[in-house]
Amino acid sequence: MKLDRITSNSARMNGQACIRNLRLTVRRVIKLLATYSDKKELFQKFPELEEDIRQALIYASTYLDDRIMDISSNDATIAKQKPSHDNGNSSDA
């Protein structure tokens, strides 16, 4: 499938993938989609984005890897723990 609405230009938005060579990144379009729970409201506010959203989702999905991971009970416990905000700068040395 050709994604003719997704553009990348090193002189625009630091080379990030954009919509139709505008200063509208694919990331921002996906964030809009996540922010508006009612798609009708989103398309009323931004009617020109309907095809852009479709192509942005296709583009973003190409960067996701389909992997099946076996999570042991220890890993599940660790995943549920709240991450610490220690940036490795502890004074315990």
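Visitor: How many aromatic pairs does a search of the whole structure find?
Guide: Keep in mind that this is a predicted model. A search through the whole structure turns up aromatic pairs, and their number is 2.

Visitor: Tyr 36 and Phe 46 form one; is that pair stacked or edge-to-face?
Guide: The ring centres of Tyr 36 and Phe 46 sit 6.4 Å from each other, with 85° between the planes. Planes over 60 degrees apart take the label used here, so this pair counts as edge-to-face.

Visitor: And where in the chain do those two residues lie?
Guide: They are 10 residues apart, and the pair links distant parts of the chain. Tyr 36 is in the loop between α1 and α2, while Phe 46 is in the loop between α2 and α3.

Visitor: Is Tyr 36 buried or exposed?
Guide: Tyr 36 has a relative accessible area of 14%. The cut-off for that class is under 20%, so Tyr 36 is buried.

Visitor: Let's go to the salt bridges. Which residues are linked in a network of them?
Guide: Start with Asp 52, whose side chain meets that of Arg 5 in a salt bridge at 2.7 Å, N to O. Asp 52 also forms a salt bridge with Arg 20, where the closest N and O atoms are 2.7 Å apart. Put together, the network holds Arg 5, Arg 20 and Asp 52.

Visitor: How many residues apart in sequence are the parts that Asp 52 and Arg 5 tie together?
Guide: The side chains of Asp 52 and Arg 5 meet in a salt bridge. Asp 52 lies in helix α3 and Arg 5 in the segment before β1, so the parts they tie together are separated in sequence by 47 residues.

Visitor: What is the relative accessible area of Asp 52?
Guide: Asp 52 has its place in helix α3. Leaving out residues up to four places away in sequence, Asp 52 touches Arg 5, Ile 19 and Arg 20. Asp 52 is buried, and its relative accessible area is 0%.

Visitor: Glu 51 and Arg 54 meet in a salt bridge too; how many residues apart are they?
Guide: Their side chains come to 2.6 Å, N to O. Both Glu 51 and Arg 54 lie in helix α3, about one turn of the helix from one another, which is a spacing of 3 residues.

Visitor: What span does helix α3 reach from its first C-alpha to its last?
Guide: α3 covers residues 50-61, so 12 residues, and at 1.5 Å a residue the expected value is 16 Å. The model comes close to that, with α3 reaching 17 Å.

Visitor: Which element gives the most to the largest nonpolar core?
Guide: That core has 13 residues, and Ile 19, Val 26, Val 29, Leu 42 and Ile 53 touch the most other members. β2, α1 and α3 each supply at least two residues. With 4 residues, the top contributor is α1.

Visitor: Which residues is Leu 42 in contact with, leaving aside neighbours within four places in sequence?
Guide: Leu 42 is among the core residues touching the most other members. With those sequence neighbours left aside, the contacts of Leu 42 are Leu 32, Leu 33, Tyr 36 and Ile 53.

Visitor: What is the phi of Asn 14?
Guide: Most residues other than glycine have a negative phi. Asn 14 is in the loop between β1 and β2, and it is exposed, with a relative accessible area of 76%. Although Asn 14 is not a glycine, its phi is positive, at about 55°.

Key
Residues numbered from 1 in each chain as written. Predicted model: local features only at pLDDT ≥ 70, side-chain atom pairs only at ≥ 80, totals over all residues. Heavy atoms only, no water. Buried < 20%, exposed > 50% of the residue type's maximum accessible area, 1.4 Å probe, protein only. Phe/Tyr/Trp six-rings, centres within 6.5 Å; stacked < 30°, edge-to-face > 60°. Core = buried A, V, L, I, M, F, W, Y, C linked by side-chain atoms within 4.5 Å. Contact = heavy atoms within 4.5 Å. Salt bridge = Lys/Arg side-chain N within 4 Å of Asp/Glu carboxyl O.
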